[in-house]
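The following report describes a single protein chain, with its conventions stated where they are needed. Please read it alongside the sequence and the coordinates.

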Amino acid sequence: MAKKKTTRTTHTYTYTAGAWMFPLSFWLVVIIGAAMAITGILHVVGVTAIDGAANWIKNVCMAIALIIPVVMSYQVARKKSTLWFVLWIVFVVLIVVGIILGSI
């Protein structure tokens with residue numbers, strides 16, 4: 001008796017990052033690191049007048065930095081089922097709301 005041969009297909013996805021993501025991520029790391037260093041130094045020295053501005057700059061850079069993983073995760077989310085895609089949208093909205101409420 002002949003055996004039925006079954007083949008399994010595996011899906012391989014290729015994700016590509018936009019060329020703009022690499023320099024943006026570099027400069028965001030530099031600016032976030034500098035803002036964190038300035039904020040830390042100001043806390044040690046005791047200067048609180050510029051502390052708020054440095055903290056605000058750090059928060060804005062962190063918000064911009066989240067653009068990169070959100071764009072990259074969209075490429076994965078759109079290939080998932082509808083449930084996972086809707087959950088991804090809900091989580092992105094929660095992240096945005098958290099960033100806005102955290103900076104107020």
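## Conventions and overall fold

Helices (H or I, at least four residues) and strands (E, at least two) are DSSP runs, numbered from the N terminus. This is a predicted model, in which local features need pLDDT of at least 70 and side-chain atom pairs count only at pLDDT 80 or more, while totals for chains, interfaces and linings use all residues. Residues are numbered from 1 along each chain as its sequence is written, and side-chain values use heavy atoms, with hydrogens and water left out.

On these terms the chain has four helices and zero strands, and its elements follow the pattern α-α-α-α along the sequence. With contact taken as heavy atoms within 4.5 Å, residues 24 or more positions apart account for 57% of the contacts in the chain that have a separation of 6 or more.

## Accessibility of the chain

Accessible areas come from the Shrake-Rupley method with a 1.4 Å probe, and for residues only the protein chains shown count as cover. The chain exposes about 8,300 Å², of which carbon and sulfur atoms supply 72%. A residue is called buried under 20% relative accessible area, exposed over 50%, and partly exposed in between (1.4 Å probe, protein chains only). Buried residues make up 13% of the 104 residues in the chain.

## Packing of α1 against α3

Helix α1 (residues 21-45) and helix α3 (residues 67-77) pack at an angle of about 145°, with their axes 10 Å apart; here axes are lines fitted to C-alpha atoms, for helices over the stretch in contact, and angles run from 0 to 180 degrees between N-to-C directions. In this pairing, M21, L24 and S25 of α1 meet I68, V71 and M72 of α3. By class, the contact of α1 with α3 has five nonpolar residues, one polar residue and no charged residues, where Ala, Val, Leu, Ile, Met, Phe, Trp, Tyr, Cys and Pro count as nonpolar, Asp, Glu, Lys and Arg as charged, and the others, Gly among them, as polar.

F22 also belongs to helix α1, and it counts as exposed because its relative accessible area is 55%. F22 and I68 are 46 residues apart in sequence, with 9.1 Å between their C-alpha atoms.

## Residues around α2

A65 is found in helix α2 and is partly exposed because its relative accessibility is 22%. Leaving aside neighbours within four places in sequence, A65 is in contact with L28 and I32, and the C-alpha atoms of A65 and V29, 36 residues apart along the chain, are separated by 8.2 Å.

L66 lies in the loop between α2 (51-65) and α3, and its relative accessible area of 33% is why it is classed as partly exposed. Not counting residues up to four places away in sequence, L66 touches I95 and I99; the C-alpha atoms of L66 and I95 are 9.1 Å apart in space, for a sequence separation of 29 residues.

## A nonpolar patch

L83, W84, V86, L87, V90, F91 and L94 make a nonpolar surface patch of about 690 Å². Patches are made of residues with over 30% relative accessible area and no salt bridge, like charges being joined within 9 Å and nonpolar side chains (Val, Leu, Ile, Met, Phe, Trp, Tyr) within 5 Å; a salt bridge is a side-chain nitrogen of Lys or Arg within 4 Å of a carboxyl oxygen of Asp or Glu. One of the patch residues, L83, lies in helix α4 (residues 82-103), and L83 counts as exposed because its relative accessibility is 57%.
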